Amino acid sequence: MDFKEFKEFSADMINYVGNYLENIRDRKVLSSVKPGYLRPLLPAEAPNDPENWKDVMNDVEKLIMPGVTHWHSPRFHAYFPTANSYPAIVADILSDSIACIGFSWISSPACTELEVVMMDWLAKMIGLPEMFLASAGQGGGGVIQGTASEATLVALLGAKARMLQKIKATDPAIVDSDVVPKLVAYSSELSHSSVERAGLLGGVLLRAVATDGEHKLRGDTLRDIIRKDRADGLIPFFVVATLGTTSCCSFDRLDEIAEVGKEEDIWVHVDAAYAGSSFVCPEYRHYMKGVELVHSFNFNPHKWLQVTFDCSAMWLKNPNYVINAFNVDPLYLKHELEGQMPDYRHWQIPLGRRFRSLKMWFVFRLIGVANLQKSIRKDINLAHEFASRLENNPNFELFNEVTMGLVCFRIKGSNEINEALLKKINDRGKIYMVPSKVKGSFFLRMAICSKYTQMEDINVTWNEVKEAGEIIMSNEK
Ligand code: PLP
């Protein structure tokens, strides 16, 4: 493809993308294709000779779009949001054009240097303490991981390296195999499945600790379990505090957990994958109380801050534990200017990394902090609006307090009737939600996911829920 053709093709694609996003409300949110739908529609083998880009464009609408779930539809209320914005899309075009692999500073200096500055900007935007800023010169700093799952695993491996180092320093005869089987990590019973997975991948025991009546992990519960484990000869080394659980957006008591972490000398990692974006608004930062005592902090701008996937922001108070834990140093990756700026290959699991800070830079400059705050507040207000409709209807109850852009609710009655309600809502096909179950109670989650969601969409969603509820209730009688 030459430049002339590239210009025509990309102009056509930009036009297509704009029309897709601006009119996304008109598309059916959930695809109705069946598993295996695509293979019969595609040739069995790749073409030998180049095709015309116009044919490819036609096939996008004909073959691909029918199998797309429209995550940016204002009627999509499943999971948590995934971010989208024009500046981020354009930044990814540039990133894909530069197409560098920024594993070390020398491999593309701007890729590393923009990331260092953007992570400082973002830390300031959400009110993180100075110790996490590279510019503060206290040893801390940020890195962009692909996902929150990777960030948790990296933190756990850093914490494991830290504890091994500490214990071995007390007696040179101690080897890893004396310690690793005794290591124990903790998280709330409602932490994301990726936390359990980090324990499995890290080869350590991970305890899911019971939450209180508001679904929060509390300091006293954690302290009791840690002390019992120590008495049993185990070695506590790591705890994950979740700010905004996936199940029901509850917030662990970071202030209490961080105190326990300090008393017990264990690494505290914060997983704020979804809710972390809300900290651009000062009124939500109270959930972060105690953050000055934590060792690592992570959230996903790719969820709720208009930076497209993948962009998971992680800060480390002392990156050296992670850097040393993963340090393998073949000659071909070394360079003469090492040590002055991060070589991010040591901060992550893969070697290769994309120029992801470009999309942060474009989004922050072209949207601005005030508009990012406005958009978060709009989503939270819409969630409260939906919750107030539920509260004013005799058929429904809220499962828990609405804190962010997620409303957890149920029809008053059994789990089975709530399962039937969800099926009815999704079968009607106008909106899409997923359920959750906490402490035996099945409920529906209504997440505000699209930046296009407005009050008119909440009206549509509420009518769908209300009507489905009436049908289910009348079937019950
Ligand atoms: N942690 C929490 C609290 C989440 O809600 C999620 C996903 O929704 C994750 C971790 C996993 O995120 P990722 O897909 O970035 O690994």
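Reader: How do the residues of the shell around the ligand divide into nonpolar, polar and charged?
Author: This is a predicted model. In it, 15 residues surround the ligand, and Thr147, Ala148, Ser149, His192 and Ala273 are the closest. By class, the shell around the ligand divides into 4 nonpolar, 10 polar and 1 charged.

Reader: Which residue does the UniProt annotation "modified residue: N6-(pyridoxal phosphate)lysine" cover, and where does it lie?
Author: The annotation comes from an unreviewed UniProt entry and covers Lys303. The helix that holds Lys303 spans residues 301–304, and is α10.

Reader: Is Lys303 buried or exposed?
Author: The cut-off for buried is 20 or more other C-beta atoms within 10 Å. Lys303 has 24 C-beta neighbours inside 10 Å, so it counts as buried.

Reader: Which residues is Lys303 in contact with, leaving aside its neighbours within four places in sequence?
Author: One of the contacts of Lys303 is Ala273. Ala273 is also among the closest residues to the ligand.

Reader: Which residues does Ala198 touch, not counting residues up to four places away in sequence?
Author: Ala198 sits in helix α7, residues 193–202. It is buried because 28 other C-beta atoms lie within 10 Å. Leu156 is 42 residues apart from Ala198 in sequence, yet the C-alpha atoms are 7.1 Å apart. Ala198 touches Thr152, Leu153 and Leu156.

Reader: How many Å apart in space are Phe364 and Leu305, C-alpha to C-alpha?
Author: Phe364 belongs to helix α12, residues 357–367. With 20 other C-beta atoms within 10 Å, Phe364 is therefore buried. In sequence, Phe364 and Leu305 are 59 residues apart; in space, the C-alpha separation is 9.4 Å.

Reader: What is omega for the peptide bond that joins Phe309 and Asp310?
Author: Most peptide bonds are trans. The bond between Phe309 and Asp310 is cis. Asp310 falls in the loop between α10 and β7 (312–316). For this cis bond, omega is about 5 degrees.

Reader: Where does Ala99 lie, and is it buried or exposed?
Author: Phi of Ala99 is positive, near 45 degrees, in a residue other than glycine. Ala99 is in the loop between α3 (86–98) and α4 (109–125). The limit for exposed is 12 or fewer C-beta neighbours. Ala99 has 10 inside 10 Å, so it counts as exposed.

Reader: What is the phi of Lys439?
Author: Lys439 is placed in the loop between β10 (434–438) and β11 (441–447). It has 11 C-beta neighbours inside 10 Å and therefore counts as exposed. Lys439 is not a glycine, but its phi is positive, at about 45 degrees.

Reader: How many residues of domain 2 are in contact with domain 3, and what classes has that side of domain 2?
Author: The domain assignment gives domain 1 (3–68), domain 2 (95–367) and domain 3 (372–476). The C-alpha centres of domain 2 and domain 3 are 32 Å apart. At their contact, 17 residues of domain 2 meet 13 residues of domain 3. The domain 2 side has 10 nonpolar, 7 polar and no charged residues.

Reader: What is the mean pLDDT of the protein, and what are ipTM and pTM?
Author: Where pLDDT is low, the predicted coordinates should not be read in detail. Here 99% of the residues reach 70 or more, and the mean pLDDT is 94. The model scores are ipTM 0.97 and pTM 0.94.

Terms used: Residues numbered from 1 in each chain as written. Predicted model: local features only at pLDDT ≥ 70, side-chain atom pairs only at ≥ 80, totals over all residues. Domains from an automatic or database assignment. Contact = placed C-beta atoms within 7 Å. Nonpolar A, V, L, I, M, F, W, Y, C, P; charged D, E, K, R; others polar. pLDDT = per-residue confidence, 0-100. Near = placed C-beta within 6 Å. UniProt positions renumbered as here; feature names shortened; annotations may be inferred. Helix = DSSP H or I, 4+ residues; strand = E, 2+ residues; numbered from the N terminus.
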